Amino acid sequence: MTPFSPRTRTPSLPSQEGDLDALAVVGRGACTPLGLTAAATWAEVRAGTTRFAETGVADAAGDPVRACSLPLLGSHASRIERVAALLTEAVAECLGSTVASELPEPLAVLLVLPAGATLEPVDAGPVCRAVRRVCPPGLELALAEEETVRGGRAGLFRALSAAGARLTRGTDAAVLVAAADSRCDPASLSILSEAHRTLGRTNPDGLLPGEGAGAALLASASHAQRRAWPAVAHVLAVARATEPHPARGDVPSGAEGLSTAFRRLRTDPLAGTTRTDCVLSCQTGESAWEREFAYAYLRNDALMPEPLVITHLAASIGDAGAGTAAVHLALAPDRLDALESSVAGTSSEQDLPARRGLLYGSASDGSVGACVVERRLDEAHR
């Protein structure tokens with residue numbers, strides 16, 4: 001395996017007709033306990049703000065479970081109410097972009113909702129109706145409840161793959177991808193506590209429940225260039241795989257799925273041309289997930305940052321489950337802008353025409369997804 005030099009930064013320019021094409025992010029939105037918009041959330045994340053607080057649910061030791069929740073929703077809101085409220089804020093911000101107002105046709109929407117295997121299920125019907133209500137005048141949403149993507153932390157990558165296929169076929173000029181999840185409702189908190197999953201005195205390897213939603217308006221890079229749609233970032237490639245032995249399963253994980261996803265990105269003609277500058281993890285911080293990443297990292301070191309820079313969104317907003325990757329994607333342009341040049345392995349901005357983040361997520365059912373997100377200097381200066 002030949003390592004790529006972190007100083008060799010070849011910008012991935014939008015492709016021409018017939019060539020491989022990236023996905024241009026031409027609109028974004030986010031809603032988390034730290035802020036109702038992507039900008040507000042990023043400002044609080046960068047400032048190191050945390051809003052973890054004790055809840056009314058007790059853990060095995062009798063201590064209050066701590067969680068990061070949006071105060072505006074109240075402590076008694078159900079999971080579906082929380083997911084719908086978070087998602088509509090993120091989608092409304094995303095659809096406020098100039099590009100959305102220029103779309104002459106119905107906008108295809110792919111929603112990623114929680115799988116509901118262990119926590120309270122989230123019915124797609126009320127969520128879809130809530131999203132339709134925030135659609136700007138003059139814009140029609142092609143939103144089908146039966147096309148809702150169900151998944152955990154890897155769900156967004158399935159939606160990105162589907163969006164990429166639609167855009168490549170020319171079926172749509174743009175596709176809206178959005179995801180949301182909440183583990184902060186009383187029922188979910190109780191289930192997590194009873195399963196001994198929450199962080200506390202008797203479980204130092206637990207998680208902190210959280211919530212959040214993110215949205216991205218996507219177009220093919222070539223189409224966005226032709227239409228002069230300004231992009232805030234590009235998704236260069238998406239890879240998916242299946243882990244036969246999930247990290248939190250009965251059999252120790254060998255990280256085959258995550259290793260495969262990373263290898264596919266490493267050998268991709270667009271994404272694999274250079275090292276990434278940071279890793280954006282959707283995982284909870286629990287040791288099983290950290291071991292999974294360590295194995296996959298060692299097998300794909302040529303894709304990884306040097307030195308290793310890894311960010312867990314859970315440290316800021318708690319475990320937002322299926323919504324984590326979408327929030328990461330919405331914040332990625334700001335996070336990549338904030339990378340110090342010394343961390344990125346260059347001495348000057350001119351030597352670094354683009355910065356890249358490796359975004360990945362592994363779900364409890366073995367689904368794995370990853371993508372490379374790029375932020376270019378011309379995008380950063382807009």
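The questions below concern aromatic pairs and helix packing in this predicted model.

Student: How many aromatic pairs does the structure hold?
Tutor: Because this is a predicted model, side-chain atom pairs count only at pLDDT 80 or more. Ring centres must also lie within 6.5 Å of each other to pair. The number of aromatic pairs that the structure holds is four.

Student: What geometry does the aromatic pair of Phe 262 and Phe 293 have, stacked, tilted or edge-to-face?
Tutor: The ring centres of Phe 262 and Phe 293 are 6.2 Å apart, and their planes make an angle of 80°. This pair links distant parts of the chain, with Phe 262 in helix α8 and Phe 293 in helix α9, 31 residues apart, and both residues are buried. Since planes over 60 degrees apart count as edge-to-face, the geometry of Phe 262 and Phe 293 is edge-to-face.

Student: Which strand holds Tyr 360, with which Phe 262 also forms a pair?
Tutor: Phe 262 and Tyr 360 lie 5.7 Å apart, centre to centre, with 85° between the planes, which is again an edge-to-face arrangement. Both of these residues are buried. The pair spans 98 residues of the chain, from Phe 262 in helix α8 to Tyr 360 in strand β12.

Student: How are helices α2 and α4 oriented, roughly parallel or oblique to each other?
Tutor: The axes of α2 and α4 are 9 Å apart and pack at an angle of about 30°, and their crossing is right-handed. The contact includes Ile 80, Val 83 and Leu 87 of α2, and Pro 126 and Val 127 of α4; its residues divide into nine nonpolar, one polar and no charged. Because angles under 35 degrees count as roughly parallel, α2 and α4 are roughly parallel.

Student: How many charged residues are there in the contact of α1 with α11?
Tutor: The axes of α1 and α11 come within 9 Å and cross at roughly 45°, which makes α1 oblique to α11. Among the residues that meet are Trp 42 and Arg 46 in α1, and Asp 334 and Arg 335 in α11. Beside six nonpolar residues and one polar residue, the number of charged residues in this contact is three.

Definitions and conventions
Residues are numbered from 1 along each chain as its sequence is written. This is a predicted model: local features need pLDDT of at least 70, side-chain atom pairs count only at pLDDT 80 or more; totals for chains, interfaces and linings use all residues. Side-chain values use heavy atoms; hydrogens and water are left out. Rings of Phe, Tyr and Trp (its six-membered ring) pair if their centres lie within 6.5 Å; planes under 30 degrees apart count as stacked, over 60 as edge-to-face and the rest as tilted. Helices (H or I, at least four residues) and strands (E, at least two) are DSSP runs, numbered from the N terminus. Buried means under 20% relative accessible area, exposed over 50%, partly exposed in between (1.4 Å probe, protein chains only). Axes are lines fitted to C-alpha atoms, for helices over the stretch in contact, and angles run from 0 to 180 degrees between N-to-C directions. Angles under 35 degrees count as roughly parallel, over 145 as roughly antiparallel, 65 to 115 as roughly perpendicular and the rest as oblique. A crossing is left-handed if the near helix is turned anticlockwise from the far one by less than a right angle, and right-handed if clockwise. Contact means heavy atoms within 4.5 Å. Ala, Val, Leu, Ile, Met, Phe, Trp, Tyr, Cys and Pro count as nonpolar, Asp, Glu, Lys and Arg as charged, and the others, Gly among them, as polar.
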